[in-house]
Amino acid sequence: MKEFFIKHNKAIFVAVSTIFFMVVGYIIMFTNLGAIAPQKGIEVMDGKWFYPPSYIKETLSNLGAEGRAQYTVFHIIDYFFLVSYCMVMMSITRLVTSAKWVWVVFPLLPSSLDLIENTLIEIAISSYPNISANLSKAISVFTTLKWSTGILWFAVFIALLSLNIIRLIKKFKQQKQNQ
């Protein structure tokens, strides 16, 4: 049994991380736990690429006490989500490179920044309405960095995948020529 897990560890990692990602994603997308004042049409900070620091206080004000409480519940789920997407990113990146620093570091960047962003938003919620300008700026910066490093990971992944496909094509052509 141990040999099976050792031999198929990459596939098991992909399967487990994908299932975890799908379960957490389902909770966020299809339950009330992922809903934050949808009736008000408020877009919270986590999903935006960029926003001015003033957007934070404005959004938290528009959410009201109940919406801010929902946002905190959302972040509890979002902590699981960031772990799940980091695991998926690691598992599929590991399929295209053996360099541990690549398949570990690149997925950890956006998820670590997401963790910091969530924590800072929770600090803002707990200190509402007394949110410092520096805290608002930091939240805005970490949100943009989170999305930017996610795009960076995707670009690195696509480049590594492309290189692997090119190597496979070359190998296939060489085998055909040698026949």
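Author: We will discuss aromatic rings, helix shape and a few individual residues in this predicted model.

Reader: How many aromatic pairs are there in the whole structure?
Author: A search of the whole structure finds 8 aromatic pairs.

Reader: Where do Y26 and F30 lie?
Author: Both are in helix α2, which covers residues 9-30. They are 4 residues apart, about one turn of the helix.

Reader: Is F30 buried or exposed?
Author: F30 is exposed, because its relative accessible area is 60% and the cut-off for exposed is over 50%. Y26, at 49%, counts as partly exposed.

Reader: What about W153 and F157, and why is that pair stacked?
Author: The ring planes of W153 and F157 are at 20 degrees, with the centres 5.5 Å apart, so this pair is stacked. The cut-off for stacked is planes under 30 degrees apart. W153 and F157 both belong to helix α5 (residues 133-178), again 4 residues apart, about one turn of the helix. Both residues are buried.

Reader: Which residues form one aromatic cluster?
Author: F21, F81 and Y85 form one aromatic cluster.

Reader: Which charged residues sit over rings?
Author: The charged end of K48 is placed over the ring of Y55, 5.0 Å from its centre. R94 lies over the face of W103, and there the distance to the ring centre is 4.9 Å.

Reader: Let us change topic. What is the shape of helix α3?
Author: Helix α3 runs over residues 54-96 and has 43 residues. A straight helix would reach 63 Å at 1.5 Å a residue, but the end C-alpha atoms of α3 are only 42 Å apart. There is also a kink of about 110 degrees in α3, centred on G64.

Reader: And how far apart are the ends of α4?
Author: Helix α4 (residues 100-127) has 28 residues, and its end C-alpha atoms are 40 Å apart, which agrees with the 40 Å it should span. Even so, α4 has a kink of about 35 degrees at L109, shortly before the proline P110.

Reader: Where is H75 found, and what does it touch?
Author: H75 is found in helix α3. It is buried, with a relative accessible area of 0%. Leaving aside residues up to four places away in sequence, H75 touches D46, N118, I121 and E122. With N118 there is a polar contact between the two side chains, at 3.2 Å.

Reader: Is S140 buried or exposed?
Author: S140 counts as buried, because its relative accessibility is 4% and the cut-off for buried is under 20%. Its place is in helix α5. A polar atom of the S140 side chain lies 2.6 Å from the backbone oxygen of Y51. With residues up to four places away in sequence not counted, S140 touches F50, Y51 and I56.

Reader: One last point: which residues does the cis peptide bond join?
Author: The cis peptide bond joins Y128 and P129, with omega about 5 degrees. P129 is in the loop between α4 and α5. Most peptide bonds are trans.

Key
Residues numbered from 1 in each chain as written. Predicted model: local features only at pLDDT ≥ 70, side-chain atom pairs only at ≥ 80, totals over all residues. Heavy atoms only, no water. Phe/Tyr/Trp six-rings, centres within 6.5 Å; stacked < 30°, edge-to-face > 60°. Helix = DSSP H or I, 4+ residues; strand = E, 2+ residues; numbered from the N terminus. Buried < 20%, exposed > 50% of the residue type's maximum accessible area, 1.4 Å probe, protein only. Lys NZ or Arg CZ within 6 Å of the ring centre and 35° of its normal. Polar contact = N/O pair within 3.5 Å; in protein donor to acceptor, adjacent residues only side chain to side chain. Contact = heavy atoms within 4.5 Å. Expected span 1.5 Å × (residues − 1). Bend = angle between axes of the 7 residues up to and from the residue.
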